[in-house]
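Work through the exercises below with the sequence and the model at hand. Each task is followed by a solution in steps.

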Amino acid sequence: MALTDLNTWNKSELSELYKKLDAKYTEVKGRNLSLDMSRGKPSAEQLDLSMGLLDILNSDSPIHVEESIDARNYGSVDGLIETKKLFGQILDVNQHEIIVGGNSSLTIMHDAVSRSLLLGTVDSTTPWGKLPKVKFLCPSPGYDRHFAICELLGIEMVTVDMLEDGPDMDTVEELVKNDEAIKGIWCVPKYSNPEGITYSDEVVDRLAKMETKANDFRIFWDDAYTVHHLTDEPDVLKNILTACKDANHPNRVFIFASTSKVTFPGSGISVLASSEENINFIKKQIATQTIGPDKLNQLRHVHFLKDLETIKQHMKKHAEIIKPKFDMVLEVLEKQLGKQNIASWNEPNGGYFISLNTLDGCATEVVKLASEAGVKLTPAGATFPYGKDPSDRNIRIAPTFPTLNELQTAIEVLCLCIQLVSTNKLLQNQ
């Protein structure tokens with residue numbers, strides 16, 4: 001039988017199909033596979049692109065920088081001027097609007113939320129942690145680690161739907177206008193995790209202009225994939241800091257970025273960009289936290305990445321490695337599931353993920369069956385606050401880490417599991 005729209009099949013046809021799929025699944029389980037698509041990690045081949053970082057500094061390298069300090073010593077708690085200038089090109093902000101941190105932007109995000117709870121922001125009358133309740137808006141599907149920060153720190157999460165051009169702004173505007181407890185919103189604005197959506201200019205402007213009951217409301221703008229394109233015609237994201245300044249809300253946004261998937265995730269550099277007033281306020285606080293970041297690693301990156309044009313060429317090399325993986329995943333999904341009307345997925349222009357939706361109520365069982373067949377996926381529900389997808393349908397696919405052959409096997413197993421669970425669901429509904 002040709003696999004057309006399974007929703008149109010009768011009980012006898014579905015039963016026959018289920019038996020065939022179940023037999024195939026049993027055969028796959030017997031292969032003892034061990035494949036991992038659970039996290040968006042660069043492959044070894046991608047990491048090899050940055051091996052030049054390891055020896056770009058030597059005993060003859062200049063270590064006295066623009067501030068006339070020795071980069072080997074203490075100092076420069078907010079990062080080197082050279083590093084700020086480099087990230088200023090990436091994010092299109094002024095060097096004075098940047099603080100440079102360690103290898104993880106997640107750490108900077110965690111600290112930004114924690115400081116706001118303990119000390120408030122430059123606009124706060126009271127530290128957030130002394131208030132009866134603090135809420136964050138969480139566009140979903142979204143990034144599980146953002147949600148984990150809120151859950152750890154006791155911040156109530158409010159789910160907002162993601163639309164094709166970004167968060168549902170009608171809902172966002174209504175909520176922030178009427179609830180003073182809402183202090184923030186998480187955003188992955190370019191090639192969003194996992195949907196691959198880039199926010200439209202209208203969404204950016206509405207976020208910048210909207211009326212908020214909380215004077216110290218903040219947009220946590222995780223621009224993780226700002227240079228991670230898969231095509232020669234990349235998405236363009238409007239500058240949120242400029243939009244906030246134009247809307248007379250210059251302090252509203254905290255922008256986060258890093259080189260985690262540009263060079264080495266474990267040994268990169270990260271930044272926080274914001275208004276100068278925000279930056280100066282935070283600098284005073286981190287001066288108690290640290291005597292200075294790893295400035296030698298900053299120098300390595302400055303010498304290796306050099307400027308925006310060099311970064312673009314470097315990222316094209318990444319795209320040459322990972323685009324065939326994305327293309328192969330999309331090809332298999334279309335071939336195996338395209339006409340069956342049991343799943344849908346996005347086709348991103350960049351980023352690290354493909355978002356797949358099953359029939360409602362199927363994602364948890366699909367992930368479970370895939371795991372039992374030796375294919376590890378991000379847990380179903382992880383892309384929603386508290387790990388609870390209300391429709392139980394979203395699955396995040398991370399294509400970058402496996403080899404092409406491993407990836408093809410993993411996606412074929414995933415498709416088999418989707419077919420098996422969907423057929424069973426449709427049988428139960430008859």
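Helices (H or I, at least four residues) and strands (E, at least two) are DSSP runs, numbered from the N terminus. The model is predicted, so local features need pLDDT of at least 70 and side-chain atom pairs count only at pLDDT 80 or more, while totals for chains, interfaces and linings use all residues. Residues are numbered from 1 along each chain as its sequence is written, and side-chain values use heavy atoms, with hydrogens and water left out.

**Exercise 1. Positive phi**

State the phi of Asp92, Asn248 and Gly154, and locate each residue.

Solution. 
- Step 1: Asp92 lies in the loop between α3 and β2 (98–100). Its phi is near 60°, a positive value in a residue other than glycine.
- Step 2: Asp92 has a relative accessible area of 57%, and is therefore exposed. The classes are buried (under 20% relative accessible area), exposed (over 50%) and partly exposed (in between), found with a 1.4 Å probe and protein chains only.
- Step 3: Asn248 is in the loop between α8 (240–246) and β8 (253–258). Asn248 is not a glycine, yet has a positive phi of about 65°.
- Step 4: Asn248 is exposed because its relative accessible area is 65%.

**Exercise 2. The buried side of α5**

Which residues of helix α5 (residues 144–153) are buried, and what covers them?

Solution. 
- Step 1: The buried residues of α5 are Asp144, His146, Phe147, Ile149 and Cys150.
- Step 2: Their cover includes the helix α4 and the strands β3 (135–140), β4 (156–163), β6 (182–187), β7 (218–222) and β13 (394–397). Contact here means heavy atoms within 4.5 Å.

**Exercise 3. Helices α1 and α13**

Describe how α1 and α13 cross, and sort the residues of their contact.

Solution. 
- Step 1: Two packed helices are described by the angle between their axes and the distance between the axes. Axes are lines fitted to C-alpha atoms, for helices over the stretch in contact, and angles run from 0 to 180 degrees between N-to-C directions.
- Step 2: The axes of α1 (residues 11–29) and α13 (residues 404–428) come within 9 Å and cross at roughly 145°.
- Step 3: The α1 and α13 crossing is left-handed. A crossing is left-handed if the near helix is turned anticlockwise from the far one by less than a right angle, and right-handed if clockwise.
- Step 4: Residues of α1 in the contact include Leu14, Leu17, Tyr18 and Leu21, and those of α13 include Leu416, Leu420 and Leu427.
- Step 5: The contact divides into 12 nonpolar, four polar and three charged residues. Ala, Val, Leu, Ile, Met, Phe, Trp, Tyr, Cys and Pro count as nonpolar, Asp, Glu, Lys and Arg as charged, and the others, Gly among them, as polar.

**Exercise 4. Asp307**

Is Asp307 buried or exposed, or in between, and which residues does Asp307 touch?

Solution. 
- Step 1: Asp307 is in the loop between α10 (295–305) and α11.
- Step 2: Asp307 counts as partly exposed because its relative accessible area is 30%.
- Step 3: Leaving aside residues up to four places away in sequence, Asp307 touches Leu86 and Gln89.
- Step 4: Between Asp307 and Ile219 there are 27 Å in space, C-alpha to C-alpha, and the two are 88 residues apart in sequence.

**Exercise 5. Thr8**

Where is Thr8, and how far in space is Thr8 from Lys177?

Solution. 
- Step 1: Thr8 is in the segment before α1.
- Step 2: Its relative accessibility is 59%, so Thr8 counts as exposed.
- Step 3: Thr8 and Lys177 are 46 Å apart in space, C-alpha to C-alpha, and 169 residues apart in sequence.
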